[in-house]
Amino acid sequence: MKKTILYIGLATLCLFFRVSAQDNSLTNQSISGKVTDEQGRQLPGATVKLKLSKNGVVTDKDGYFVLANVPNTGILVVSFIGYQPTEVSYNINQHKSLTIQLKADANSLNEVQVIGYGTTTKRLNTGSVSTITASEIEKQPVTNVLSALSGQAAGVFVQTTNGLPGGNINIQIRGEGSITAGNNPLYIIDGVPFNSSVGSLTGLSVLSTGAVNGQVSPFNNLNPSDIESISILKDADATAIYGSRGSNGVVLITTKKGKAGKTTVDVNVNEGVTEATNIPKLLSPAQYLQIQDVAYANDGITPSADPNSDSYAPQLTTWSNTKPMNWAKYLLGGTGHLTNAAATVSGGNKGTSFTISGNYHAEKAYLPGNNLYDRGGIYANLQHTSENGKFFVQLSHALTLDNNSLVNPAANISYDMLLPPNYPVFDGTGNYNFYFGSNPVAEINATDQTHTVNLIDNLLLRYTILKDFDFKISSGYNTISVNQTQIFPTVSLYPGTTNYTNFGKNSNQSYIVEPQFTYDLRYKSTTINFLAGGTYQNTIAQGETIIASDFSSTELMQDLGSAATYVTSNNYTQYKYVSVFGRVTYNLDDKYILNATIRRDGSSRFGPGKQFGDFGSIGGAWLWDQETFIKNSLPFISYGKLRASYGRTGNDQITDYQYLSTYSNSGYVYEDIPGLKPSRIANPDFHWETTKKLDLALELGVLKNTILINIDSYRDLTSDQLVAYNIPSITGFTSYEANLPAVVENSGWEFELTTKNIKKEKFSWTTTFNLTLPKNELKSFPNLATSSYANTLVIGQDISRIYGYQFDGLDNNGLALYSSKSGPPTNSPNSATDSYYTIGKKTPDLYGGIGNTITYGNWGIDILGQFVKQWALGNLMFTPGAEGYNNYAITSNYWTPAHTNTSIPKPSTYNDFNYFQSSANFFNASYFRIKNVAISYSLPKSWITKMNIDQARIFLQGENVLSFWNRNNPFLDPESGTFGGTSNNLPPVKSFVIGIQTTF
């Protein structure tokens, strides 16, 4: 009994001390606040807990919470399904009420999507938008940020048209709608329109036709590590807010912004090697010599060693065969090197945040000789919110400089690869051998130097006039200048050719001002968002080209004054653009959403009375998973949405002043006065090209969104085609700008699938897949037969139709036969009538990508595959044996009397030029490419804590790692080396880099 009393007394005493201890740590005070997403929308049902305690509450229907009995200081842990949990420190004396913002999990339905003049989420979006995030970009060692889009989004076809540093990337969103007007999307960087092809609308070239790396891409000036996200707008609901420029889709690029928190320093350094993705398979030296022997024998010619003989054939009689050369390997088989370094400092507090970064990129091309592309830039962003939260200012600045110095055998590179394998570099006198009109070793003495300066500034001011009523003004400035010098010294040219230098200067300066009002009206479960705004944009493009020749010294070929002769041309254009726009979004209980957009645009590219156009759209979404009967009958469906949109967008991608009669220098002088001549015939009546867009989609999530499916069907009709309409030259002009009554339809299906295969604490595996089935068709064209497009376009067929001679097999003598409109197949088709058979199209049959992301502990691996099904023109410029040139290995399967089951003609010294332009030169260019592989390892916390490092990651990345395609087909590469010819169309780069990223 005494022991029992003792135990009870001790227990009571312990309880007393325990209660006393609690009373010492807790108070009667409480902390309150609200929980929102990144857009400021309340999150009802979020959990708010005191860290290391069971004390917690759930936010109410408006996202508010009150947590009682909390200590004076502490840490709150806030979580909500589909969002990243966060910890927030508080002090009762300083924080009576908190606003806690949660960031959506990557690839979740709550993830923020940037749209035209605003943001939304995947769940509540009524339009067709694909988003690529910073985490997806940083896994790819790309020089041009547009390369990071390849295989990532349905409806977005990305093609590397030239793999050399500074080369161009072509993007099409849901196909080509314009017959001859521009088909480029509209690019917007932090609200500032960005010209995707400097010089293309100035009437001048940036010397792209003479550059081995082709057209200059301004996007090489953007540092991929500065990009926060890229949103691709596709349907009318998403693009109509951009009115006359939204027909070809819109690409919104958002840069990184500073965030409140401690100041952090992020450093990323990596090194790597590069090479061409493919070197074409050519005839071996033995095969080449055999075909040459057969060609001369078939033609009844005896090869001669006499240079004065008509049958002189040095490749068979005088040139040595002891050291054969694969010229394609010489030009494309080199190994390059690249270096990347970037550092970012960011931080701030509740009121002010900042980001400052610098970057440097250096890359050596795989071409022989001295080649170097280097780029450096700085980026800064500052954000400030006033203490009362009413005033917000954001300022961003990005400056990039790049220099691209390449050897430039551009004039003959397509022929250089096919030179005989025994072609000597030097002739008998010790000079460069130009017997075939070219010499790759000599031609690398020609150089191309390009210097680019790109500046993007943006200022955003926002003031809250009343609750939920904001006034915002966004202004931006972009200038980009390209200075290009192409030097062709005497040593690089065919003997007797005068040396020359091409000088090119192009610049675009653009500024834009956009005032906007937004108002959110909330009543119970209904929210109506109003947006009204205007745009004023002014763009000035200037260009100058100088061709100087006959320099006295190679060392003076960059000095214009040292040239004996020169020819100059220049251009100046001004483009003005003004508009007003509005949008209303109605949201009922996050279940029924309606979105309406209207915009009126004015463009200086059209004449009086035709300058303004009206555009708009309406879109709606029904989130049917929120319906009670769905929840009860189909509980495995966690997300379901039907959306639809219809609208009208426009296109004004034509050169300026087409509606005016213009004059240029005639080249003649009368009494010291230069003469003028008409250079353009006026047509003040053409107007906007318009596209009507219809989009229907089903979005579905099952098993708590572990499987997400998106099925999208679209149909775009483009009419009032803007073309250079051909007219008889007797008028003094060959064409004028006009609207054609033709209608082009782009339609198709898009499929997107995301599966969270495994999600555990230390192991996760996610798969993404997208597939696009596009179709392009000329629906109608009144009076097509009597127009200048009678031969090139066909109703019911693709406007990217490839036409040429229709190959009809080989005759009994091994010569190619071609279909004839006037009779039976012939060896000599009529070019005027027989060269317009449809042999294919450039639009792919399908394309897409598949990606896998796997994490295990501190390890991560990402693999992205890209695939395309397509056919394309090959590069068979010569029939076997013709003109002494080497050829692709496929031509070894040539016709002989004993081998007739082939489409390759018998060898001959004479070239059948029709063969290159025929369906016989049309091949399967389909491929599957492992586009990116990224392997990373994050150092354990226990290691890096001792070094005062917040995060450290080691990574290995590869781009264009492995390709699967029919390598016997005559392409340089199925992605870039297609659609005929090889000049300015070199293979993409395969690269491997290793690096380290640390955060302090």
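Reader: How many salt bridges does the rule find across the interface of domain 1 and domain 2?

Author: Across that interface the rule finds zero salt bridges. The model is a predicted one. The buried area between domain 1 and domain 2 is about 580 Å², with 48% from carbon and sulfur atoms. In the structure there are 29 salt bridges.

Reader: What makes R174 and D695 a salt bridge?

Author: Their closest N and O atoms are 3.0 Å apart, and the cut-off is within 4 Å, so the pair qualifies. R174 sits in the loop between β12 and β13 and D695 in strand β32, so the pair ties together parts 521 residues apart in sequence.

Reader: Why is R174 called buried?

Author: The relative accessible area of R174 is 3%, and buried means under 20%; therefore R174 counts as buried. D695, at 1%, is buried by the same rule.

Reader: How do you know that E699 and R643 form a salt bridge?

Author: The N to O distance is 2.7 Å, which falls within 4 Å. E699 is in strand β32 and R643 in strand β29, 56 residues apart. Relative accessibility is 11% for E699 and 4% for R643, so both are buried, under 20%. R174, D695, E699 and R643 are among the members of a network of salt bridges.

Key. Residues numbered from 1 in each chain as written. Predicted model: local features only at pLDDT ≥ 70, side-chain atom pairs only at ≥ 80, totals over all residues. Heavy atoms only, no water. Buried area = accessible area lost by both parts, 1.4 Å probe. Salt bridge = Lys/Arg side-chain N within 4 Å of Asp/Glu carboxyl O. Helix = DSSP H or I, 4+ residues; strand = E, 2+ residues; numbered from the N terminus. Buried < 20%, exposed > 50% of the residue type's maximum accessible area, 1.4 Å probe, protein only.
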